[in-house]
Amino acid sequence: METGHYFNIQRFSTHDGDGIRTILFLKGCSLNCPWCQNPESLSAKPSLVFDQRICLDSCSLCTGCPAINREQGDIQIDRTSMSVGDIENLRQVCPAEALCVVGEEAGSEELYELLMRDKPFYDQSGGGVTFSGGEPLLQSGLVAELAQRLQQQNINTAVETCMHVPWKNIERVVPHVDCWLTDLKHVDAEKFQSWTKGSMTRVLANFGRLSNEASRIVIRVPVVPDFNDTEEELQAIIDFAAALPQCHELHLLPYHILGINKYHLLDLPYQCAREPLDKPELLEHAKHYAESNYQLSVTIRG
Ligand code: SF4
Ligand code: SF4
C-alpha cells in the first residue's frame, strides 16, 4: 500500500475532465513556473500559510515556535530556519486559522475511500477522478494504485501533468488512465528552461512515447504574457501537438491572476504579469489555425 502527500481534494468540479469530478491535488512539482496559481503545491513538504489580516491581537499561541515572534504588533516568521517538524508542530495551533499548515500525508486506502464517496455523481454524469497537483506523477506509485482500483469500479480516471518526470513514472500509470490532460507550455528549449527551470527535451520525448500508448491526450496550453503569447509561438506549439497520433483536443488557457494572493500568504515573490492576458484575437487566431490546418478540436477556457 502506497502513501502520499496531498494538499486538497476538490469535489464536484466540472473542469479537468469529463462529467462531475473529484480532483486530488498532490504535493510537489518538478517545474517552477512563475505563473503557477497553486504555489502551495510546489514543495513536496508541508507549507505554512499565514494571513496577518485575521491574526488575533491578543493571541501568542504560535510564538512557542522558535521561528515565530511578535514584533511591533505583527507576527514575524523566519521560514528559512523552520524544519518540517517545526511546521508540523503548528498544525491545529491557530484558533483563527490565520496560520495554517497545507499538505498532509495519507495512505492509499484512506484516499481511495475519500475518492469513492462521490461514485454516484461519477456514475450519473460520466465523471470520475482527476489526479492533479503540483505534478502528480512525482508520486506515480500512489497514482497508479489508486487509478487501477478506481478503474476496477468503472470510474473514469484522468491525470493533469506537466510531463516533466522520468518516463518510468508515466509508464507505470499509463494502463490505468483514461484521459491525459497534458501541459505543452512551449517548444523552445531555451525559453522553457529560462522560465520554468525545466528540460524541454524531457517533456517532448515523453510526449512522443506517451502518444503511442495513451488512448486520449488533451493538450493544454497556458498562454502567458511575454512567454508564449505570440502567433508564431502558439503555432509552433499547435504544430507539435497536431503531430501526436492520439491528440485531437487542445485547450488554450489564458493567463489569469486568481492565485496571486497565495504568494503573499506563503511569503513568496510573485514574478509574473500583474494583469490577466487580454488577447482574445490571438486566442481566436490560434484556434482557427489549429482547426483549419489540423482538424484539432480547440477550446478556449476562461
Ligand atoms: S496562533 Fe494564529 S491568531 Fe494566534 S498569534 Fe499565531 S497566527 Fe495569530
Ligand atoms: S507545472 Fe503546474 S504546478 Fe508545476 S509549477 Fe508549473 S504551473 Fe505550477
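Two residues are in contact here if their C-beta atoms, placed from the backbone, lie within 7 Å. The model is predicted: local features need pLDDT of at least 70, side-chain atom pairs count only at pLDDT 80 or more, and totals for chains, interfaces and linings use all residues. Residues are numbered from 1 along each chain as its sequence is written, while chains are lettered from A and ligands numbered from 1 in the order in which they are written.

Start with Ile 257. By that contact rule, and not counting residues up to four places away in sequence, Ile 257 touches Arg 274 and Pro 276. Ile 257 sits in the loop between β12 (247–254) and α9 (260–266). Helices (H or I, at least four residues) and strands (E, at least two) are DSSP runs, numbered from the N terminus. A residue is buried if 20 or more other C-beta atoms lie within 10 Å of its own, exposed if 12 or fewer, and partly exposed in between; the C-beta atoms are again placed from the backbone. Ile 257 counts as partly exposed because it has 15 C-beta neighbours inside 10 Å. Trp 35 is 222 residues away along the chain, yet the C-alpha atoms of Ile 257 and Trp 35 are separated by 8.0 Å.

Now the overall layout. The domain assignment gives domain 1 (3–26 + 105–300) and domain 2 (47–102). Such bounds come from an automatic or database domain assignment. The C-alpha centres of domain 1 and domain 2 lie 33 Å apart. In the contact between them, 4 residues of domain 1 meet 6 residues of domain 2. The side of domain 1 that touches domain 2 has 3 nonpolar, no polar and 1 charged residues. For these classes, Ala, Val, Leu, Ile, Met, Phe, Trp, Tyr, Cys and Pro count as nonpolar, Asp, Glu, Lys and Arg as charged, and the others, Gly among them, as polar.

The UniProt record, an unreviewed entry, places the feature "domain: Radical SAM core" at residues 15–292. UniProt positions are given in the numbering used here, feature names are shortened, and annotations may be inferred rather than shown by experiment. The end C-alpha atoms of residues 15–292 lie 26 Å apart, and the span is 33% helix and 21% strand.

Next, the ligands. A residue is near a molecule if its C-beta atom, placed from the backbone, lies within 6 Å of it. By that rule, ligand 1 is surrounded by Cys 55, Leu 56, Cys 59, Ser 60, Leu 61, Cys 62, Ile 75, Val 93, Cys 94, Ala 96, Ala 98 and Leu 99. This shell around ligand 1 divides into 11 nonpolar, 1 polar and no charged residues. Glu 97 is found in the loop between α1 (84–88) and β6 (99–102). Glu 97 is exposed because 10 other C-beta atoms lie within 10 Å. The C-alpha atoms of Glu 97 and Leu 56 are separated by 9.9 Å.

The shell of ligand 2 includes Cys 29, Cys 33, Cys 36, Gly 133, Gly 134, Glu 135 and Cys 162. Its residues divide into 6 nonpolar, 5 polar and 1 charged. The peptide bond from Gly 133 to Gly 134 is cis, with omega near 10°. Gly 134 is in the loop between β8 (128–132) and α4.

What about the interior? A nonpolar core is a set of buried Ala, Val, Leu, Ile, Met, Phe, Trp, Tyr and Cys residues joined through C-beta atoms within 7 Å. In the largest such core, of 64 residues, Leu 24, Val 143, Val 159, Val 173, Trp 180, Ile 219 and Leu 250 touch the most other members. Helix α4 (residues 140–152) gives the most to this core, with 6 residues. A second, separate core of 8 residues includes Leu 48, Phe 50, Cys 62 and Leu 265. Trp 180 touches Val 159, Leu 210, Ala 214, Arg 216, Ile 217 and Val 218, not counting residues up to four places away in sequence.

Phe 12 lies in strand β1 (residues 3–13). Its phi is near 60°, a positive value in a residue other than glycine. Phe 12 counts as exposed because it has 12 C-beta neighbours inside 10 Å. Gln 72, also not a glycine, has a positive phi of about 50°. Gln 72 is in the loop between β4 (68–71) and β5 (74–77). Gln 72 is exposed, with 5 other C-beta atoms within 10 Å.
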